[in-house]
Amino acid sequence: MSKGLATVSARALRQLRHDLLGRLGRPRSDPTVSPAATLCNMTTMSDPTDEVSTPPFAPGMLGPLPRNQDQELWDPAKQRMDREQRRDLQDERVKALVAKIFDTPVPLFKDKLISAGLESPQDIKGVDDLWRVPLTVKQDLRDSEAAKPPWGEYRFTNPKDAIRLGTSTGTTGEPTITVWTRKDLWIEYESGARNWWRMGQRPGMVVTHAHPAYLYGGGLSLQGAYEYFGMLSIWVPPPDTDELAEQAVRFWTRVRPDIPFMGFATGRFLEVANKLGIALEDAGLTGLKAPPGFGLGRGGMPLMTAGAECYAYVGGPCGKSPGAHIHEDWAIVQAVDPTTGKEVPEGEWGNLTVTTLDRDNGLLRYDLEEACAILREPCPCGETSIRGLWGGRFKDLLNAQGTRFQLNELQNVLMGIDAFKNPSLEYQVVRPDGGDAPLIVRVEVDSNDTAVRDSARDRGVEAIRESLGVTASIEILDRDTIPRAGYKATRVIEPE
Ligand SMILES: [Zn+2]
């Protein structure tokens, strides 16, 4: 309970403790309250024996305690924690997670543990024993929700003890449901704050985003995290149509963001600003750049998220070493060989597998079916965590002429050609079957000049051969041929 209240200022916290302890006495042992419910940071407060009144507003009540803007890290005590101390903390939190799985119980994970011969909480002593725990994939969550609708059997709390619900986008099947308690959100918000601070963002800046909302929880999660951090966040609608994109672009000419928009929809805003004849600098859209992190050669990016359903802000890049610093006090992030369950050697690709720690609603050995590599070399920036690289979703992995590559590798090649890139890159690729046929790529070009189109096509074919070692056949399309999307566009289409 105290972790959830850590957002409150020390003074307010002392007062609150004083009030609660003074008025409530010791928490009663009530057999009608499920063990899960007692884990929730709201439970004791919703069952007072006397009236509770709200203390006056103080720093830390709706957000974190203020920081000196010059301090290097958001949470130095956690981010520079001694590695052995952090491992001890992880071991304790793994044991607590497993104990909750048996005690609550959480049948999906309990059954998995028992199926592997792990029949009591004492059988898992910490991180080193995790390899024995079978992996859980998204389909397991989906199956569980279908078998016991609507929540399935993988929740650690009564879902009604949560305060937020979100569904996945459903691109791979029936959307699954995620719920967050206040504490679960607090862990995400604190994690997001570490990321933004590391990237040089500070409270007092104006930020903007266009994440989708409503049942899809991503937009509210990002908005909430920005507000918690202390930035003024302009949440514009996803640019599903030109009219919606125009609303955003026109608003940015009134209130210009300090941090230019980044995300899946960036190209759409550039495109519509161009159509409207609005200069990019007038809408704060100049200086767009990727986060400061980088990968290791071909195909790696900093591992920044393990999905909204698992750990949205799992880590972030410092820009001094490859990959992203992982927030290890709140997660065990592993690159796993699914056939053995063990971690692959440092720097090699394995299945991104995450065990979340210290949450009300956790996940044990959740395999995101994405590629991940772990780097353990100490980083000169002073953070002591491991670093993670992300290699893309396995379902986005393409195989042409015996060569496997990620969609974003192809995208980066296309972005290198001005005629494709301006005013925004719009392309699709026909999913290759791994055979010898040329890779079919369709790209829009904003010119009717045959010479421009032919030259762009030839340069594209050459660049794909050079970078990916794949023979491509590029079809040049007129602008506005490919359907537009406000969030994640369909880039890979199935062969006809
Ligand atoms: Zn670093």
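Colleague: Is the crossing of H7 and H8 left-handed or right-handed?
Modeller: This is a predicted model, in which local features need pLDDT of at least 70 and side-chain atom pairs count only at pLDDT 80 or more, while totals for chains, interfaces and linings use all residues. Residues are numbered from 1 along each chain as its sequence is written. A crossing is left-handed if the near helix is turned anticlockwise from the far one by less than a right angle, and right-handed if clockwise. By that rule, the crossing of H7 and H8 is right-handed.

Colleague: How are H7 and H8 oriented to each other?
Modeller: The axes of H7 (residues 182–198) and H8 (residues 218–229) come within 9 Å and cross at roughly 70 degrees, where axes are lines fitted to C-alpha atoms, for helices over the stretch in contact, and angles run from 0 to 180 degrees between N-to-C directions. Angles under 35 degrees count as roughly parallel, over 145 as roughly antiparallel, 65 to 115 as roughly perpendicular and the rest as oblique. H7 and H8 are therefore roughly perpendicular.

Colleague: Which residues of H8 meet H7?
Modeller: Contact requires that C-beta atoms, placed from the backbone, lie within 7 Å. On the H7 side the residues are Leu185, Glu188, Tyr189, Gly192, Ala193 and Trp196, and in H8 they meet Ser221, Gly224, Ala225, Tyr228 and Phe229.

Colleague: How many nonpolar, polar and charged residues does the contact of H11 with H13 have?
Modeller: The axes of H11 (residues 407–415) and H13 come within 9 Å and cross at roughly 135 degrees, and the two helices are therefore oblique to each other. In this contact Glu409, Leu410, Val413 and Leu414 of H11 meet Gly460, Ala463, Ile464, Ser467 and Leu468 of H13. With Ala, Val, Leu, Ile, Met, Phe, Trp, Tyr, Cys and Pro counted as nonpolar, Asp, Glu, Lys and Arg as charged, and the others, Gly among them, as polar, the residues divide into 6 nonpolar, 2 polar and 1 charged.

Colleague: Which residue does Pro423 follow through a cis peptide bond?
Modeller: Pro423 is found in the loop between helix H12 (418–421) and E14. Another cis bond, with omega about -5 degrees, joins Pro149 and Pro150, and Pro150 is found in the loop between H6 (138–147) and E1 (164–167). For Pro423, omega is near -5 degrees and the bond comes from Asn422.

Colleague: What is the average pLDDT of the protein?
Modeller: pLDDT is the predictor's confidence in each residue, from 0 to 100. It stays under 50 over residues 16–43, for which the model has 39 contacts beyond four places in sequence. In the protein, 87% of the residues score at least 70, and the average pLDDT is 88.

How values were computed: Helices (H or I, at least four residues) and strands (E, at least two) are DSSP runs, numbered from the N terminus. Two residues are in contact if their C-beta atoms, placed from the backbone, lie within 7 Å.
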